[in-house]
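Good morning, everyone, and thank you for making time for this.

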Amino acid sequence: MAPSPLRIEDYALIGDLRTAALVGTNGSIAWLCLPRFDSASCFSSLLGDEDDGHWRIAPVAAGPDGVCTGRGYAEDSLVLRTRWDTPTGSVEVLDFMPLYGEATDVVRIVEGVSGELEMESVLRLRFDYGRVVPWVRAVEDEHVAIAGPDSMWLRSEPAAPTAHDQRAIRSSFRVSAGERVSFVFTWHPSHLPRPPQPDPEQALTRTLEGWRKWAARCQYTGPYREAVVRSLITLKALIYKPTGGIVAAPTTSLPEEIGGVRNWDYRYCWLRDATLTLGALLRTGYVDEAARWRDWLLRATAGDPEDLQIMYGLAGERRLPEMELPWLDGHFGSRPVRVGNAAVDQFQLDVYGEVLNSLYVARTFGIPAERHAWELQLNMLEFIESHWREPDEGIWEIRGPRRHFVHSKVMAWLAADRAVRTLEAHPDLDGDPERWRGMREQVHQDVCEHGYDPVRNTFTQSYGSMELDAATLLVVRSGFLPADDPRAVGTVDAVRAALASDGLMRRYTTEGGSVDGLPGGEGTFLICSFWLADALRLTGRPDEAHELFERLLALRNDVGLLAEEYDPVARRQLGNFPQAFSHLGLVSVALGLAQQPPAPGN
């Protein structure tokens, strides 16, 4: 009998700062790309079924579904502990990817807690997104699988009875209270010698220490520390350590609507997402990670501002061609499954503002400035000066006609504002502050004239449109308008009334696909709900902000993770998972609320 498919929220994350895996409540690793976040997956059952690749360790008595009794991360780490309680005993499985080592490893330690249980490990490798079945053979007490450029070694300590065919590697063993059986999975390029495999117990100790030391550096001490630290660990896990790039999510094609077509590849570095993550890292004390991302940004965006992309590969690669994988059925039948992302070629004006703002924030937090970085910023400013009057695809990467999006114009204003502030604070830098003051005023006047609806007292999604957009909630946080400006308060209220679904925010209306050119709908967008909480706080409604924030915290799964979206009707998470945008929204709002506690009695 085939196991029932798991929902997005049924997964937990493990990773080694180069790639990441998703582990289900049934003990199955259903997604893993090797050796990088954006490499082809070798476990792809997340987007299909078990024959598309997975690795399950669970008690035989648990049955084909085998949902665990409980699970959680070891304190302040990315080491996952999953527990099953059965009539004959209890067992825990510790899953992690060592932070230190030459190769990419997955370590799974089975520990008997009480009684005695019969356990089974079933590993089905399917390289190239589930399409390639490798050649498997036994080498003494180990197994090796090879297919083209990929090679994998599997060993257990102590050696568990193991058999294989070309479909799977199976191990059956018993574990009693106090006993531990470890499995070590190691990937390496097939043309290179096998790398040394880690000692599982030593790797566990070092990995726990590494994560806990990192988490201890967090400078946030407010009431939501557990949620903030878990979100920061998640954001850290999405950093590609060799270059400092930050991926938006470790997955592709998890649907925004079950059965729908809004399925995108998020395993790349979006400038917008990463710049906002930089702010969250700096405000919580993680200056080293922020500095490394700033350096990645300068490398990736070097060159003509005309060629700036909205996203890049992990090392700054520019070509990310989009294609569909027809052999994968998709998560709960949501097709197509896509790899690559065609939005890479879009013009999104707001990204320039995000980049310039992030470099401004980095400078204000004391990250040493690079002289050539300011030259790059001046080049971007000149580009914005010449192009801010043009329509673009906007923050939501619409695949319909370009429009004059209000949020994009506001971010052009922000770019000019940051230039003025930088030149005022550092008069030794090249540049004419009056020039950028003039541009700042022009953009502000244009937005207020063409992007504001005085009848409804709200900014609209785009010039001449009646539609509203959650991105306009940022008019206050950006500084475009004072928090007590009636237009700012009116926008918050109007957007909330128009786009709220059971109290959570949609990005915009999708009926008819009139804005984004796509059929179907989507869930509520979690970052937009965090923006609303922040906007409520800034406009003098901290109690409402706290209430909404508490509700958003309750949407996290059992190990504290958030996807991109949430369906309040079906009560399930949607979209790629875990999502950097959602977790940085959580951190940002928690930091803001720490300054404005709720009124007594609330």
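Let me begin with the classes of residue, where Ala, Val, Leu, Ile, Met, Phe, Trp, Tyr, Cys and Pro count as nonpolar, Asp, Glu, Lys and Arg as charged, and the others, Gly among them, as polar. What we are looking at is a predicted model, in which local features need pLDDT of at least 70 and side-chain atom pairs count only at pLDDT 80 or more, while totals for chains, interfaces and linings use all residues. Residues are numbered from 1 along each chain as its sequence is written, and side-chain values use heavy atoms, with hydrogens and water left out.

On a 1 Å grid over the protein atoms alone, a cavity is a set of points where a 1.4 Å probe fits but cannot get out, whereas a pocket is an open set with protein on both sides within 12 Å along at least five of seven lines, and lining residues have an atom within 4 Å of a point. Grid points are joined across faces, edges and corners, and a volume is the space filled by probe spheres set on the points. Helices (H or I, at least four residues) and strands (E, at least two) are DSSP runs, numbered from the N terminus.

Which classes of residue line the second largest cavity? Its lining has 6 nonpolar, 2 polar and 3 charged residues, and among them are Arg 294, Tyr 360, Glu 370 and Thr 422. Helix α6 provides the largest share of that lining, 4 residues, and the space itself comes to about 90 Å³.

The structure holds 7 cavities of 30 Å³ or more, and the largest cavity has about 310 Å³ of space. Of the 23 residues that line the largest cavity, Tyr 266, Trp 396, Glu 397, Arg 507 and Glu 564 lie nearest its centre, and by class the lining has 12 nonpolar, 2 polar and 9 charged residues.

Turning to the pockets, the largest has a volume of about 640 Å³, and its lining consists of 28 residues, with Leu 276, Arg 283, Asn 357, Arg 477 and Ser 588 nearest the centre. Helix α4 gives the most to this lining, with 6 residues, and the classes there are 12 nonpolar, 10 polar and 6 charged. The second largest pocket holds about 390 Å³, and Pro 5, Ser 45, Gly 48, Asp 49 and Glu 50 lie nearest its centre.

Now the core, meaning a set of buried Ala, Val, Leu, Ile, Met, Phe, Trp, Tyr and Cys residues joined through side-chain atoms within 4.5 Å, where buried means under 20% relative accessible area, exposed over 50% and partly exposed in between, with a 1.4 Å probe and protein chains only. The largest nonpolar core has 200 residues, and Trp 55, Phe 185 and Trp 531 have the most contacts inside it. Helix α8 (residues 406-425) supplies the largest share of this core, 11 residues.

Finally, strands β26, β27 and β28 form, in that order, an open sheet with antiparallel pairing, where two strands pair if DSSP finds at least two bridges between them. The edge strands, β26 and β28, each pair on one side only, and Phe 525 stands opposite Glu 565 in β27.
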